[in-house]
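Try each task before you read its solution.

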Amino acid sequence: MSQNVEIKINEESRIPKYKQIVDSIIDDVAKGKLKVGAKIPSINELSEAAYLSRDTVEKAYKILKQRKVIISVKGKGYYTAKTELISKINVFFLINKPSSYKMIIYNHFVNTLGVNAHVNLSIYHCEESLFVNAIEKNIGAYNYYVIMPHFKDNNLNHVSFTPEVLKAIELIPKDQLLMVDNTKPEIKGNYGSIYQDFKEDIYNALIEGIAKLKKYDRLILVYPEKLIHPYPRRILHGFRQFCMNYDFEYEVLNEIYDDMEFEGKDVYITIEEMDLVNLVRQIRSRNLVMGEDIGVISYNETPLKELLGITVISTDFKAMGETAAYMVLKNKKEQVKNVFKYIERNSV
């Protein structure tokens with residue numbers, strides 16, 4: 001026997017009716033009007049009773065199932081489920097790659113939200129189609145959508161957005177959207193973001209270290225091309241702009257090659273971890289001294305680089321995750337540039 005369910009539908013509201021169904025049922029469960037394990041009307045029963053289309057009710061029930069508010073039992077119908085998620089903030093957290101840096105952001109985001117939220121992590125590997133499908137599949141099922149927009153084109157070059165990505169983002173209500181790590185100023189509406197300015201960040205960080213950099217003959221950026229998870233080209237642009245404005249000789253390499261030609265006093269700025277490892281290995285094998293014969297700067301801080309005394313230029317991933325969580329908890333709709341640091345150690 002189905003429990004009586006009073007769906008509150010406001011015909012004058014611009015809120016989609018399927019979402020009104022979702023909110024109404026969640027509200028009844030949270031207030032105890034619907035008990036856990038209670039049978040609720042079938043899709044057909046509710047559509048007839050509330051004068052709604054079957055598709056509208058079916059969409060609402062699908063979202064309620066995704067959020068684990070209700071469950072379906074084959075041959076028996078729909079029942080209310082555990083209520084542990086109902087009083088929480090439900091967040092869809094969509095990142096481009098499972099790197100250690102992105103996971104630092106995610107972990108501090110989750111830890112800062114604490115028991116007040118349920119966070120569903122999804123990874124789209126810089127693939128436009130995976131991103132679009134993830135948004136379309138989960139739209140309407142969460143209170144917030146935290147996205148890190150980084151994509152690749154057919155030549156494996158980094159792009160921040162594509163027309164299809166922008167269409168998908170426009171599906172997200174702006175009061176539920178939070179863009180992290182990268183942003184798109186052209187997106188209209190009042191939404192939150194905490195981002196890096198990849199060009200200005202490396203430019204300003206190198207200015208901080210300019211006194212040490214002047215000891216060297218040349219600056220070499222190891223900017224990897226054709227990666228599955230490419231890096232923003234704005235890093236490259238900021239590096240070149242710094243070298244030209246401050247009259248440094250410079251070179252850009254695709255990778256640290258085996259048997260590098262170490263001539264003169266150069267500073268290497270590496271982005272990929274394996275390039276840093278290969279560089280340090282070759283420096284040591286030739287009995288060169290980091291910080292004297294060869295300078296080494298690495299992009300993105302890790303505990304191991306701190307332990308090894310590697311100078312880094314890095315955004316503060318911990319702060320990014322914590323700030324993103326704070327913006328969700330306080331419902332902030334601000335555009336915040338994340339802290340970027342030059343951390344000098346013994347390698348330059």
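A residue counts as buried when its relative accessible area is under 20% and as exposed when that area is over 50%. Keep in mind that this is a predicted model.

**Exercise 1. Decide whether Asn154 is buried or exposed, and find where it sits.**

Solution. Start with the location: Asn154 lies in the loop that links strand E7 (151-152) to strand E8 (158-159). Next, take its relative accessible area, which is 82%. The cut-off for exposed is over 50%, so Asn154 is exposed. Finally, look across to Lys226: it is 72 residues away along the chain, and the two C-alpha atoms are 9.8 Å apart.

**Exercise 2. Describe helix H1: what is its span, which of its residues are buried, and what covers them?**

Solution. Begin with the span. H1 covers residues 17-30, 14 residues in total, and its first and last C-alpha atoms are 20 Å apart, close to the expected 20 Å at 1.5 Å a residue. Now pick out the buried positions: Tyr18, Gln20, Ile21, Val22, Ser24, Ile25, Ile26, Asp28 and Val29. Their cover includes helix H2 (43-49), helix H3 (54-66) and strand E3 (77-80). Then step just past the end of H1, where Gly32 has a positive phi of about 85 degrees.

**Exercise 3. Find which residues touch the most other members of the largest nonpolar core, and which element supplies its largest share.**

Solution. This core has 42 residues, and Tyr61 and Phe131 touch the most other members. At least two core residues come from each of H1, H2, H3, strand E4 (89-95), helix H5 (128-138), strand E6 (144-147), helix H6 (163-170) and strand E9 (177-181). H1 gives the largest share, with six residues. Now zoom in on Phe131: leaving out residues up to four places away in sequence, its contacts are Leu94, Tyr124, Ile147, Phe151, Val165, Ala168 and Ile169. Another core lies apart from this one; it has 27 residues, including Cys243, Tyr299, Ile313 and Phe340.

**Exercise 4. Work out which way the residues of E6 point and which strands pair with E6.**

Solution. Now turn to the partners. E4 and E6 run parallel and are joined by four bridges, with Phe92 partnered by Tyr145. E6 also pairs with E9 in the parallel sense, over three bridges. There, Tyr145 stands opposite Leu177.

Key:
Residues numbered from 1 in each chain as written. Predicted model: local features only at pLDDT ≥ 70, side-chain atom pairs only at ≥ 80, totals over all residues. Heavy atoms only, no water. Buried < 20%, exposed > 50% of the residue type's maximum accessible area, 1.4 Å probe, protein only. Expected span 1.5 Å × (residues − 1). Contact = heavy atoms within 4.5 Å. Core = buried A, V, L, I, M, F, W, Y, C linked by side-chain atoms within 4.5 Å. Pairing = 2+ DSSP bridges.
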